[in-house]
Amino acid sequence: MAQSNSTVNILQVCKVAPPPSASIDSATPKSVPLTFFDILWLRLPPVQRLFFYEFTNATTTSFFHSDILPRLKHSLSLTLQHFLPLAGNLIWPKTSHKPVIVYAEGDAVTLTVAESDADFYRLSGANEVFGAREYHPLVPDLATSHERAAVLALQVTLFPKSGFSIGMAMHHAVLDGKSVHMFVKSWALTCRSLGSPGQPPELQPLYDRTVIEDPAGLEAIYTKQLLDLDHGPDNRSLMYWKFNEVSSDSVRGTFHLTRARIEKLKQLVIINEQLHTSTYCVTCAYIWVCLVKAEEINEDKTMLVINVDCRSDRLEPPVPLNYFGNCVANKFVVTETKGLVEKDGLVLAVKAIGEAIKSLETNGALTGAEDWALTLMMSSNSDSSTTTPASRVYSTAGSPRFEVYNTDFGWGKPRKTDVVSIDRTGAISLSDTRNGDEVEIGLVLKKHHMEAFSSLFSQGLGMI
């Protein structure tokens with residue numbers, strides 16, 4: 001694996017605002033309070049994602065003055081009129097018991113325009129392994145202070161005569177994965193069909209916070225825990241936790257599981273009718289087992305944090321599918337490490353994950369939610385002195401259900417899309433694939449661990 005010596009030059013930093021107030025839908029609110037689902041993520045670092053689009057005719061001149069950049073900017077402005085919170089800021093006024101997203105006339109999304117001499121095809125390759133830091137110049141910073149935090153920042157980077165990338169940094173306390181891709185797909189649809197009326201219902205965001213009920217008082221619990229942080233009380237800081245820097249020997253790798261392979265994995269672990277063998281469950285279990293073996297984890301217990309979308313019928317009353325914000329339940333799956341590395345490790349992992357998912361139906365999505373914030377703080381904050389139920393914690397980011405490879409701005413499907421921020425969080429990214437018949441897995445590991453994982457991943461699939 002050769003390290004890149006490429007450079008990225010910033011060409012322009014501009015602001016893209018929604019149209020004037022007269023053009024904005026009156027149903028789009030200018031102030032949106034956070035719910036307990038949002039408050040969970042208040043101090044976590046921004047989520048960063050990249051989309052790569054091949055466009056071999058792109059030059060610096062044509063990029064600025066013809067179709068690409070002007071079209072992206074114009075369609076972004078039109079889209080923001082329905083997504084005003086993304087152009088606003090997150091604040092925590094002294095007069096409010098919880099943070100609020102506020103949009104004021106003149107607020108805008110910062111858009112950075114850059115040019116890179118990096119190898120576009122290497123960075124957007126389906127099976128390439130390269131230094132984890134190589135994506136960093138392609139995503140923007142998200143302006144954050146103790147008093148105010150931007151919600152969204154964007155960067156468009158040209159790779160002359162190859163293509164361009166769209167990099168995003170997003171505040172997790174404002175939107176979850178489903179909401180992110182509601183916005184991105186709305187922007188993409190507007191961009192490729194300028195002049196066409198309206199958006200389909202699934203891309204029309206619902207901001208009504210009354211659809212999220214809180215009978216257990218989770219909002220009060222989480223806000224108190226945040227206010228007491230960092231030697232509180234009354235710590236209303238919006239600064240996110242600083243994770244450890246990504247080491248120079250960390251590499252990024254992409255792996256694929258075909259639907260046929262997943263079905264064979266399911267057949268391997270079916271031991272009784274009660275075992276939960278969804279694609280998500282089996283995929284996570286297989287990756288979990290391979291990771292524990294590759295990293296030679298020797299702690300007694302290992303944890304996998306899985307996220308479950310609570311829209312539709314997960315809550316009572318049901319939350320509409322187009323609800324915009326966070327609406328995700330956390331399930332903390334803990335199991336004996338030694339069991340995962342033994343012969344029946346995959347079965348053990350599937351059973352543990354399956355039981356956690358099944359508990360959503362039997363116990364409710366919010367069972368144990370009183371402890372979610374503290375557990376996330378412990379597993380996410382590198383400065384925390386408190387330990388989690390397991391020394392090694394894995395988590396997931398994204399979902400194949402988001403269909404990220406269907407994000408077409410008018411230049412076709414992305415050649416590659418990836419979650420950049422997993423290099424700091426250590427999460428496992430999951431998505432659909434460009435051909436639609438596989439699950440794509442993104443990882444960032446130490447180089448020798450990535451080599452071991454790749455070998456274990458391939459060997460296991462060779463047996464089925």
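Strand E10 (residues 163–170) sends Gly163, Ser165, Gly167 and Ala169 to one side and Phe164, Ile166, Met168 and Met170 to the other, and all of them are buried, where buried means under 20% relative accessible area, exposed over 50% and partly exposed in between, with a 1.4 Å probe and protein chains only. In a regular strand the side chains alternate between the two faces of the sheet. Because eight of the eight residues of E10 are buried, this strand is largely enclosed by the rest of the structure. Strands (E, at least two residues) and helices (H or I, at least four) are DSSP runs numbered from the N terminus. The model is a predicted one, in which local features need pLDDT of at least 70 and side-chain atom pairs count only at pLDDT 80 or more, while totals for chains, interfaces and linings use all residues. Residues are numbered from 1 along each chain as its sequence is written, and side-chain values use heavy atoms, with hydrogens and water left out.

E10 belongs to an open sheet of six strands with mixed pairing, in the order E1-E6-E9-E10-E3-E15; two strands count as paired if DSSP finds at least two bridges between them. The edges are held by E1 (8–16) and E15 (416–419), each with a single partner strand, so one side of each is left without a neighbour in the sheet. From one strand to the next, the twist averages 15°.

On one flank, strand E9 (residues 152–159) runs antiparallel to E10 over eight bridges, with Leu152 opposite Met170. These two strands form a hairpin with three residues between them, and Lys161 in the turn has a positive phi of about 60°. Strand E3 (residues 47–54) is likewise joined to E10 by eight bridges in the antiparallel sense, and Glu54 has Gly163 as its bridge partner. E3 also pairs antiparallel with E15 through four bridges, where Phe51 faces Thr417.

Helix H6 (residues 177–192) packs on this sheet, touching E3, E9 and E10, and its direction makes about 145° with that of E10. Contact here means heavy atoms within 4.5 Å; axes are lines fitted to C-alpha atoms, for helices over the stretch in contact, and angles run from 0 to 180 degrees between N-to-C directions. Helix H3 (residues 68–80) lies across E1, E6 (109–116), E9 and E10, at about 35° to E1.

Turning to the cysteines, the structure holds zero disulfides, a disulfide being a pair of cysteine sulfur atoms within 2.5 Å. The sulfur of Cys284 is 7.5 Å from the closest cysteine sulfur, in Cys281, too far for a bond. Cys284 is buried, at 3% relative accessible area. Cys290 is also in no disulfide, its nearest cysteine sulfur being that of Cys284, 12 Å away; Cys290 counts as buried at 4% relative accessibility.
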